[in-house]
Amino acid sequence: MPHTKSAKKRHRQSEENRAKNRAVKSSLKTISKKIRDAASKGSVETAEKEYRLATAKLDRAAAKGVIHANAAARSKSRLSAAIKKAKGK
C-alpha cells in the first residue's frame with residue numbers, strides 16, 4: 001500500500017484509468033464481434049455501418065494510448081477483410 005500522499009493519489013488515478021481502459025477495450029471487442037457476426041450472416045450493410053463506428057473507436061483508443069496504433073490498424077484491416085469476404089459470397 002502507498003504511504004505518501006502523492007503515492008496514494010497516483011494509486012487512485014491508476015485504478016480509475018484501469019477501469020476506463022478496460023471499458024474501452026471491452027467495447028472494442030463487442031463492436032468487433034458484432035461486425036464479424038453480421039458479416040458471417042451475410043448482412044453486409046449492417047457490418048459496414050458498424051465498421052465505420054469501429055474505425056472511429058479504434059483510432060480514438062489508439063490516440064489515447066489504450067491500445068497500440070499498430071494493433072488498431074491490424075484490427076481495422078481484419079474487420080475490413082471479413083466484410084470484403086462476406087461481399088464476395
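Which residues make up the largest nonpolar core?

## The largest core

This is a predicted model. Its largest nonpolar core has 10 residues in all. They are Ile31, Ile35, Ala38, Ala39, Val44, Ala47, Ala54, Leu79, Ile83 and Ala86. Helices α1, α2 and α3 are the elements that give two or more residues to this core. The most comes from α1, which supplies four.

A second, separate core has six residues. Among them are Leu28, Ala61, Val66 and Ala72.

Isoleucine 35 belongs to the largest core. Leaving aside residues up to four places away in sequence, isoleucine 35 touches Ala47, Glu50, Tyr51, Ala54, Leu79 and Ile83.

## Helix α2

Helix α2 covers residues 44-64, which is 21 residues. How far apart are the end C-alpha atoms of α2? They are 30 Å apart.

Several residues of α2 are buried: Val44, Ala47, Glu50, Ala54, Thr55, Leu58 and Ala61. Their cover includes α1 (5-41) and α3 (69-88). Just after α2 comes glycine 65, with a positive phi of about 85°.

## Where α2 meets α3

The axes of α2 and α3 come within 9 Å. They cross at roughly 175°. An angle over 145 degrees counts as roughly antiparallel, and therefore α2 is roughly antiparallel to α3.

From α2, the contact is made by Val44, Ala47, Glu48, Tyr51, Ala54, Thr55, Leu58, Asp59 and Ala62. From α3 come Ala69, Ala72, Ser75, Lys76, Leu79, Ser80, Ile83, Ala86 and Lys87. Sorted by class, this contact of α2 with α3 has 11 nonpolar, three polar and four charged residues.

Some of these names have come up before. Val44, Ala47 and Ala54 of α2 take part in the contact and also sit in the largest core. Leu79, Ile83 and Ala86 of α3 are in the contact too, and they likewise belong to that core.

## Threonine 30

Threonine 30 lies in helix α1. Is threonine 30 buried, partly exposed or exposed? Its relative accessible area is 41%.

Alanine 54 of α2 is buried. Along the chain, threonine 30 and alanine 54 are 24 residues apart. Their C-alpha atoms are separated by 9.7 Å.

Methods: Residues are numbered from 1 along each chain as its sequence is written. This is a predicted model: local features need pLDDT of at least 70, side-chain atom pairs count only at pLDDT 80 or more; totals for chains, interfaces and linings use all residues. Side-chain values use heavy atoms; hydrogens and water are left out. The expected span of a helix is 1.5 Å times one less than its number of residues. Buried means under 20% relative accessible area, exposed over 50%, partly exposed in between (1.4 Å probe, protein chains only). Contact means heavy atoms within 4.5 Å. Axes are lines fitted to C-alpha atoms, for helices over the stretch in contact, and angles run from 0 to 180 degrees between N-to-C directions. Angles under 35 degrees count as roughly parallel, over 145 as roughly antiparallel, 65 to 115 as roughly perpendicular and the rest as oblique. Ala, Val, Leu, Ile, Met, Phe, Trp, Tyr, Cys and Pro count as nonpolar, Asp, Glu, Lys and Arg as charged, and the others, Gly among them, as polar. A nonpolar core is a set of buried Ala, Val, Leu, Ile, Met, Phe, Trp, Tyr and Cys residues joined through side-chain atoms within 4.5 Å.
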